[in-house]
Amino acid sequence: MAHIVATRPLIEGGLSGLREDHALTVCDPPEGSTRSVDELIALADGADVLLSVLADPITERLFEARPGLRMVAQYAVGTDNIDLTAAEAHDVAVTHTPGVLTDATADLTWALLLAVARHVPAADRYVRDGRFERWETTLMLGTELSRKTIGIIGMGRIGTAVARRALGFGMDVVYHNRTRANPTIERQVSARYVELDELLATSDVVSLHCPHNADSHHLIGAEALASMKSSALLVNTARGPVVDEEALVQALADGEIAGAGLDVFEDEPDVHPGLLEQDRVVLAPHLGSATTDTRMRMAQMCVASIQAFLEGADSVPHRLV
Ligand code: DGY
């Protein structure tokens with residue numbers, strides 16, 4: 001019987017498959033915003049498997065301190081918090097949850113985009129504050145999306161799902177990616193590959209769906225923002241550090257772009273105070289995958305990976321290391 005430690009509770013019933021066969025410890029959420037490596041080392045005492053989330057720093061020091069740890073099952077598709085090289089060096093398997101959060105994240109991208117384009121949070125506050133006295137001809141005029149161009153940076157699973165939705169809104173789709181998407185996908189979502197400069201200069205909406213790495217760090221900085229249309233909207237449901245938040249605050253204040261919808265932040269859970277003051281910014285607390293269906297599927301994927309690993313299966317689903 002293996003000892004599995006989940007660093008925080010998951011969706012109700014998500015781990016029921018594990019409870020029957022193994023010793024499962026589900027930790028309370030951390031007291032602060034995240035746990036330190038030392039706190040994780042303490043939690044992982046006697047653990048064979050750690051079920052982690054993006055906020056858990058899974059570092060070499062943890063692997064050194066807990067040599068009995070055999071597997072990390074990450075409850076996310078991204079593994080930005082895990083030192084994969086160290087995991088490999090310490091012979092610790094790492095799995096994640098790709099694929100199942102594509103539609104949920106694409107939906108949230110559109111929710112943020114529509115909310116910014118049509119002032120939804122401000123409109124809601126207006127009505128609740130009792131300020132809706134009569135229909136006004138010029139109240140909260142927004143941006144129409146039909147016949148506009150959406151520029152997608154990162155044409156992986158989520159970028160493609162966002163592009164598919166854009167067709168329903170009658171938008172033209174351009175995209176930029178490290179490598180060009182396969183022609184079938186381009187055809188299916190009527191997307192045209194363009195260089196990054198062209199995408200930034202011509203798009204009415206710029207939507208980010210690339211991973212965060214050395215190449216994409218602050219990809220959207222002062223220069224990129226200055227090259228965008230002053231009417232453009234930026235949406236980020238990818239990773240916070242892809243955007244230079246300081247530069248974004250300045251660009252919004254200077255009217256270099258018209259608005260932004262942000263689900264992710266450079267230093268989560270902290271949010272740049274300048275963003276909190278901006279009217280044309282809609283903010284969400286990293287909710288991309290936050291639907292009941294998706295979170296349940298993510299839990300089931302973790303369970304399947306853990307079970308396969310503990311049974312010694314030749315192929316462990318969604319294994320990265
Ligand atoms: C992921 O899975 O990487 C998301 O960002 C967290 O839900």
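Predicted model: local features only at pLDDT ≥ 70, side-chain atom pairs only at ≥ 80, totals over all residues.
**Stop one: helix α5**

Select residues 102-117, which make up helix α5. The helix has 16 residues, and at 1.5 Å a residue they should span 22 Å; the end C-alpha atoms are 22 Å apart, so the model agrees with that value. Colour the helix by accessible area next. Twelve of the 16 residues are buried, and α5 is mostly covered. Among the buried residues are T102, A104, L108, W110, L113 and A117. Past the helix, click on H119, which follows α5 and has a positive phi, near 55°.

**Stop two: W110 and F169**

How far apart are the ring centres of W110 and F169, and at what angle are their planes? The centres are 4.4 Å apart and the planes are at 10°; an angle under 30 degrees counts as stacked, so this pair is stacked. W110 belongs to helix α5, while F169 is in the loop between α7 (157-168) and β7 (172-176). The two residues are 59 residues apart, and the pair links distant parts of the chain. W110 is buried, with a relative accessible area of 5%, whereas F169 is partly exposed, at 32%.

**Stop three: Y175 and Y193**

Move on to Y175 and Y193, whose rings form an edge-to-face pair. Their centres lie 5.4 Å from each other, with 75° between the planes. Y175 is in strand β7 and Y193 in strand β8 (residues 191-193), so the pair ties together parts 18 residues apart in sequence.

**Stop four: the ligand**

Select the ligand and show the residues around it: L54, A76, V77, G78, L101, R239, H286 and S289. This shell divides into four nonpolar residues, three polar and one charged.

- V77: a polar backbone atom is 2.7 Å from an oxygen atom of the ligand.
- G78: a backbone N or O atom is 2.9 Å from a ligand oxygen atom.
- H286: here a polar side-chain atom lies 2.7 Å from an oxygen atom of the ligand.

On its own the ligand has 230 Å² of accessible area, and the protein covers 87% of that.

Technical notes
Residues numbered from 1 in each chain as written. Heavy atoms only, no water. Phe/Tyr/Trp six-rings, centres within 6.5 Å; stacked < 30°, edge-to-face > 60°. Helix = DSSP H or I, 4+ residues; strand = E, 2+ residues; numbered from the N terminus. Buried < 20%, exposed > 50% of the residue type's maximum accessible area, 1.4 Å probe, protein only. Near = heavy atom within 4 Å. Polar contact = N/O pair within 3.5 Å; in protein donor to acceptor, adjacent residues only side chain to side chain. Areas by Shrake-Rupley, 256 points an atom, 1.4 Å probe, with all protein chains shown as cover. Nonpolar A, V, L, I, M, F, W, Y, C, P; charged D, E, K, R; others polar. Expected span 1.5 Å × (residues − 1).
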